[in-house]
Amino acid sequence: MIQKKKKTVSINRKLVTIMLTVVLAQGILFLLIIFFSGQMKLFSDNSFSLLEDNVYSHAANLSGFMKDAASNMEHYGDALSASIEAGLKEENKTAEDLASDRNLSYELICSVYDELVTLQRRSKTTGVFLALTDGSEKNLSEFSGIYLRDYDPDINLSESDLIMEIGSGQIAMEHSLSLDVNWKANYDLTGDEEKNRFLTVPLAAVRENPGVAMEKLGYWSEPFSLYEGEDPIITYSIPLIGEDGESYGVIGLEISQEYLEKYFSENITGTQMAESYTLAWSREGKQISYIPNILLEGILPGNYEEGFELNKEDSKKSVVPLDDGDYYVCHKRLNLYDRSSPYYDRDWSLLGFSRYSILYADFNAIARSTVIAVLVSMLSSILLIHLLSSRLNRPIQQMVGRIRKKEDNQLMQLETTYINELDELGQAIVDMNNHICENADREKKKLEYERDYDILTHLLNHRAFKERVAALLREDTGKLGAMVMWDLDNLKSVNDNYGHDFGDYYIRSAAKILGSLNLKGGIVGHISGDEFLAYIPDCKSRKSFLALMEDIKKKLNSTVLYLADDKVMNIRASAGIAWYPKDAVEYEELKKKADFAMYDTKNSYKGFYKEFNNQIYERDAMLVEGSVELNRIIDEQDVTFAFQPIVDVHTADIFAYEALMRPHSEQLSTPMELMRVARVQSKLFEIEKLTVNGVIRACVEQREALGNCKIFMNSIPNQLYRAKKGSYLLKHQDVLKNVVLEIIESEQADFTCMERKRSWANKFGAGIALDDYGSGYNSESTLLYIAPQYIKIDMEIIQGISEDSGRQKLVGNLISYAKLQKMKIVAEGVENEEDLRFLVQAGIDYIQGFYLAMPDKEILPLSQESRKKLLEIQEEIGSERDRQQ
Amino acid sequence: MKKREIGLLLGVFFSVACVLGGCESTKKVVLDPKDPVTIDIWTYYNANAKASFDELVQEFNDSVGAENGVIVKASSSGGVDELVKQVDMELLKEKSDRDLPEIVGCYMDTAYQIYQEDGLVDLNHYFTEKELSEYVDAYLQEGYIGDDLVLFPVAKSTEILALNETDWEEFSRECGVSEDIFSTWEGIADTAKKYYEWTDAKTETPNDGKAMFGQDSLANYMNVGSSQLGQPIFTVNNNKVKITLDEVVMKKLWDNYYVPYISGYYGSYGRFRSDDMQMGNIISCVSSSTSAAFLPSEVTLNDESTYPINIKIMELPRFLDTENEAVQQGAGMVLTKSDEKHEYGASLFLKWFTEKEQNVRFSAASSYLPVKKDSNDYSYIEKQIDSNGILCKDIVKQALEVSVQQVNTYQLTHSHPFTNSSTARSILEDSLFELEEKDRQQVVKLLDSGISLDDAVAQINTEEHYQEWLQELYSNLNKIAGV
């Protein structure tokens with residue numbers, strides 16, 4: 001079962017995660033408790049009850065003020081009416097006389113003047129009035145009476161602050177009252193009915209409610225202006241009712257709206273939840289309608305100036321949300337009227353409007369603050385947690401860093417973190433590290449030795465030797481140095497005859513002597529079984545070093561080894577010396593040259609030493625070095641073929657092409673060189689194979705151009721390449737049958753191989769040609785035993801034949817022989833017209849040479865020019881022959 | 001969780017949140033619009049003046065006040081006497097218990113009282129010389145006590161003459177008297193005699209002639225008159241008052257007021273002469289230009305017959321062969337000492353309120369006169385009335401036009417402050433009035449007993465009587481002035 005790899009987590013993260021979880025959980029728990037415990041609701045409830053308190057207390061205040069005025073009125077009203085009635089009685093007059101008798105009303109008013117002023121002063125209202133009528137207000141345009149106004153009832157210094165609005169000028173003069181600019185001597189009931197309601201309504205009420213006591217008919221007027229352009233006022237008026245139950249006048253108090261507002265705003269203290277207050281008529285029906293009439297404070301929200309309605313259920317609640325949702329209204333009835341009052345159903349109320357956002361401001365603010373506080377405390381906790389945990393983490397990180405930075409096998413010291421567990425852990429790591437270091441050091445030295453030294457000889461191994469010598473060479477001291485290679489001469493036979501133990505013994509004994517060069521400042525290495533290398537960086541002089549070499553040779557030769565069969569033998573080693581910097585400056589080159597010198601020694605005088613000889617080296621270098629190139633060429637088949645036409649003299653057409661190998665190599669650029677190395681390296685078979693395959697492939701590629709022409713290719717006499725079944729070669733037998741194998745005459749022929757070759761050629765219908773005839777030796781014998789279909793006369797015989805009778809004779813003989821044997825003759829290297837003319841005349845079959853065609857990498861037809869040349873010659877010869885005949 | 005614990009917890013959280021959030025400390029600026037200073041103002045304005053003042057206060061609070069952090073709360077006593085008494089009541093208290101507003105609208109005598117208690121701010125601290133130079137010089141001069149400018153002019157008035165043209169026309173026509181007689185006191189006194197006789201002749205009843213003229217302020221009459229005649233009653237030097245009652249000057253004042261008054265040619269019946277005109281008791285009067293609004297448009301005779309009248313406003317009369325001179329009066333405003341913020345806030349209001357536009361609007365609405373030189377331009381005032389839609393009766397416009405003209409051409413006198421100057425003024429006001437009232441009663445009694453008016457007046461108006469009054473006045477004034 002594959003176990004899923006558990007993700008690794010840092011201590012820091014682990015700690016932070018745990019603590020964060022705790023902090024978050026706490027925060028959420030706290031918020032849940034705060035918001036769901038119902039405590040928060042208290043804040044909004046508080047707002048509502050505060051609004052209610054505001055409105056109720058203001059309502060109580062206003063209602064108190066207005067009702068006080070009213071009760072003063074009722075109190076003084078009784079006395080006033082009593083005085084007036086007494087006055088009437090005294091004069092023996094009735095209320096009906098008032099209309100006709102101005103003097104009577106003047107007298108009556110004078111008699112109650114002081115009481116009226118007292119009433120105004122007591123009630124602290126802005127005005128007081130008395131109107132007298134005969135009780136039949138019909139058709140009456142004027143009431144006598146008095147109307148006094150006090151603009152600032154809070155200050156009652158003297159009568160002089162009273163202004164007469166209506167009343168006798170006489171009285172004004174007597175009491176030094178100033179007159180209002182609109183002053184009238186009498187009440188003028190003409191015109192606007194609204195402004196007279198403060199008189200007409202109570203008078204009408206008397207008729208409508210007979211028998212009801214005057215104080216029960218007290219009436220609060222709607223706001224109105226006594227004179228046009230004046231500030232609005234409200235009045236409380238009660239009718240004066242005579243003994244006969246008829247009304248004969250009205251007394252009342254005035255409260256200016258301004259004073260009411262001032263009174264109201266002066267009594268506002270503390271936080272106000274409402275942003276506006278208004279007095280309103282309330283009419284109770286199925287719903288309660290409110291019609292604001294006196295705005296006391298603030299500005300009424302939008303749609304409520306004209307009034308609004310509350311349904312019964314809502315109206316029972318003191319604070320009601322309004323339709324638009326932005327506002328709440330708190331309403332409180334002032335209860336200005338008793339139940340018995342005819343105006344009971346149109347009482348006054350105080351309305352306080354408050355915004356939703358204000359009522360819930362505390363709630364929202366506290367909720368917001370609480371959330372912020374929790375968030376802030378959580379954030380600070382998180383910060384703190386992060387700080388603390390990183391503080392805890394830092395020593396761990398530092399420790400890890402220090403341990404990481406530590407180099408291998410280095411003893412370690414860790415700083416004290418003053419955290420017990422960490423310090424203990426650290427100490428354990430330090431101990432362990434130091435222990436490991438000690439072991440590793442030991443092991444390392446051992447390993448290093450084993451790495452660099454040959455266990456058998458205790459000399460440097462090849463790698464270590466190379467490293468050290470190469471390093472030395474890089475210093476480029478310029479001093480004479482010597483690289484020496486030894487090869488133990490008889491190791492193989494020792495191993496074979498006495499076993500490897502003796503072989504090793506042999507090696508060890510030699511190593512001991514060679515190792516002594518260490519003492520001369522040399523570096524000595526055991527390269528392989530029987531090979532040793534030494535490099536002496538400072539030889540002083542060639543002579544002294546050769547003396548040293550001589551000395552070593554003697555020591556080796558004088559060492560006696562005791563073999564198993566009681567035989568003894570001496571150590572014999574061949575050595576080669578290459579000089580630094582004369583022979584080479586680089587390690588590999590030096591080594592190679594020392595090696596070469598050593599082989600040179602071995603090939604000549606075993607047991608001696610030789611210095612590197614450049615002449616010999618360069619001679620052999622190609623053979624040695626060419627092998628690599630040869631292998632490359634063979635491996636990569638890196639050759640191409642050029643085709644040189646062989647022209648039929650009789651038809652002046654191409655009879656065949658010779659395929660000429662072109663190796664792609666700088667080093668082995670000619671087939672000759674290639675062959676030479678191949679011969680040395682025993683790669684002739686590979687060359688044969690390369691040739692056959694290459695030519696066939698080239699021919700196949702240019703099959704059409706080739707047509708029925710033969711294809712001549714060089715073949716190595718003692719090498720036979722037989723293609724395997726299914727090979728490329730066998731697939732193209734049609735090409736194979738055109739092939740003519742040119743056997744190089746100079747090669748030693750192997751009879752068996754030659755036979756096989758012939759039979760292979762016969763099998764496919766291929767021909768055999770003898771190449772380079774006349775250049776080698778035993779040409780005739782070769783010709784005899786090969787018995788080719790074609791003979792190719794070497795260019796050494798052909799070139800200049802037109803001027804050499806000897807060669808002419810030779811060729812003539814050969815032609816005669818060939819004709820006899822039914823062999824065809826090819827002249828190679830025909831390079832001028834004269835030679836060609838002779839050959840044609842001599843009756844040669846085929847011509848090959850630059851004169852007619854150069855080799856080309858493609859199979860090309862004979863140029864018209866060459867053809868023409870040949871035909872011309874033939875013609876000339878023909879006509880000459882004709883002439884002779 | 002208990003409520004208290006929640007509170008505690010919240011408290012901790014808030015303080016943490018506050019510390020982390022970085023509670024801002026209030027910046028040190030003179031005024032902070034977010035924490036405005038409240039400036040209380042007491043005025044004695046009533047009716048239109050009060051309405052206009054309140055409107056302007058609101059405008060200030062909404063504009064400059066809101067920008068600078070000043071809220072002005074104005075309250076009015078409704079009358080100057082009430083205001084003086086209110087201030088007196090405060091001044092009677094221990095200094096620490098006083099609750100004076102930052103700004104009091106008052107006359108110089110009240111200002112002087114508060115100044116003596118070291119309760120006033122020298123307005124030179126809050127106004128530059130250039131700013132002060134824009135105000136009518138005479139108005140500012142009244143506000144100085146020594147080098148301290150304590151009473152700042154905000155709205156001024158002068159005295160003008162109002163004539164019931166409707167009733168005058170018939171008399172004028174029948175008796176061939178022109179309105180020109182109202183240019184001199186002597187002319188008025190002579191014509192009043194004619195008017196009395198003319199009205200007396202209208203009824204069978206003897207000696208029921210009517211008074212033609214009345215004056216609201218005898219103190220002004222005497223102060224301006226004595227100054228005009230070359231010897232002012234009060235001269236103040238280094239806060240010390242000197243009282244001079246020049247016999248010739250005082251006799252002229254006496255002859256041109258006391259004598260016509262006891263003769264019944266002049267009258268004073270109601271609270272104000274405008275009231276008398278409203279009741280048809282007199283047909284002309286000298287009163288404050290601010291009283292124009294109270295001048296009636298109709299007359300109600302005997303509480304019965306009412307008829308409309310037309311009133312003409314004219315410049316204040318002078319004595320023959322003297323230069324035109326008139327009182328400039330009307331309360332200014334004082335800044336009581338409080339703290340820099342309140343004082344500065346209050347000064348802002350004063351500057352704003354006396355700026356041309358605001359000041360003219362207030363003038364027009366209240367029939368007061370603006371206080372800056374370039375504001376005393378009737379065409380500008382009229383333009384402001386029209387463009388602001390100020391309800392301004394024609395009579396008030398007329399009064400403003402005449403007053404502005406008067407202010408620009410007359411020599412302006414004002415009362416000088418000194419200890420008990422207001423009491424001195426009251427003495428001046430009352431001494432002649434009480435005497436003439438009493439003596440008029442005597443004359444009436446004598447007339448009732450059948451003695452002719454001339455005889456009755458001659459019986460009472462003796463040189464001895466005059467000297468007696470003069471001596472008593474002199475001693476009373478000196479007593480009160482502490483000389």
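**Figure 1. Helix H19 of chain B, from end to end.** Helix H19 (residues 463-481) of chain B has 19 residues, which should span 27 Å at 1.5 Å a residue, and its end C-alpha atoms lie 26 Å apart, which agrees. The expected span is 1.5 Å times one less than the number of residues. Helices (H or I, at least four residues) and strands (E, at least two) are DSSP runs, numbered from the N terminus. Please keep in mind that this is a predicted model: local features need pLDDT of at least 70, side-chain atom pairs count only at pLDDT 80 or more, and totals for chains, interfaces and linings use all residues. Residues are numbered from 1 along each chain as its sequence is written, while chains are lettered from A and ligands numbered from 1 in the order in which they are written.

Figure 2. Which residues of H19(B) are buried? They are Leu473(B), Leu477(B), Ile480(B) and Ala481(B). These residues cover an arc of only 95° around the axis, which puts them on the same side of H19(B); the arc is that of the directions from the helix axis to the C-beta atoms. On the other side of H19(B), you can find the exposed residues Glu464(B), Glu468(B), Gln471(B) and Ser475(B). A residue is buried if 20 or more other C-beta atoms lie within 10 Å of its own, exposed if 12 or fewer, and partly exposed in between, with C-beta atoms placed from the backbone. The cover over the buried residues of H19(B) includes strand S10 (240-243) and helix H17 (421-448) of chain B.

**Figure 3. Strand S13 of chain A and its partners.** Six of the seven residues of strand S13 (residues 327-333) of chain A are buried. Strand S12 (residues 319-321) of chain A pairs with S13(A) in the antiparallel sense over three bridges; two strands pair if DSSP finds at least two bridges between them. Look for Val320(A) opposite Val329(A). The hairpin of S12(A) and S13(A) has five residues between the strands, and Gly325(A) takes a positive phi near 85° there. S13(A) also runs antiparallel to strand S14 (residues 348-355) of chain A, joined by seven bridges, and here Tyr328(A) stands opposite Ser354(A).

**Figure 4. An open sheet in chain B.** Five strands line up in the order S2-S1-S3-S16-S6, with mixed pairing. At the edges are strand S2 (70-76) and strand S6 (151-152) of chain B, each pairing on one side only. Strand S1 (residues 37-43) of chain B runs parallel to S2(B), and seven bridges join them.

**Figure 5. Where chain A touches chain B.** Here 30 residues of chain A are in contact with 30 residues of chain B; contact means that C-beta atoms, placed from the backbone, lie within 7 Å. The elements giving two or more residues to chain A's side are helix H4 (169-174), strand S4 (178-184) and helix H9 (361-405) of chain A. The largest share, eight residues, comes from H9(A).

**Figure 6. Inside the largest nonpolar core.** This core has 217 residues, and Leu130(A) and Phe349(B) are among those with the most contacts inside it. A nonpolar core is a set of buried Ala, Val, Leu, Ile, Met, Phe, Trp, Tyr and Cys residues joined through C-beta atoms within 7 Å. Helix H2 (residues 39-91) of chain A gives the most to this core, with 12 residues.

Notes. Contact = placed C-beta atoms within 7 Å.
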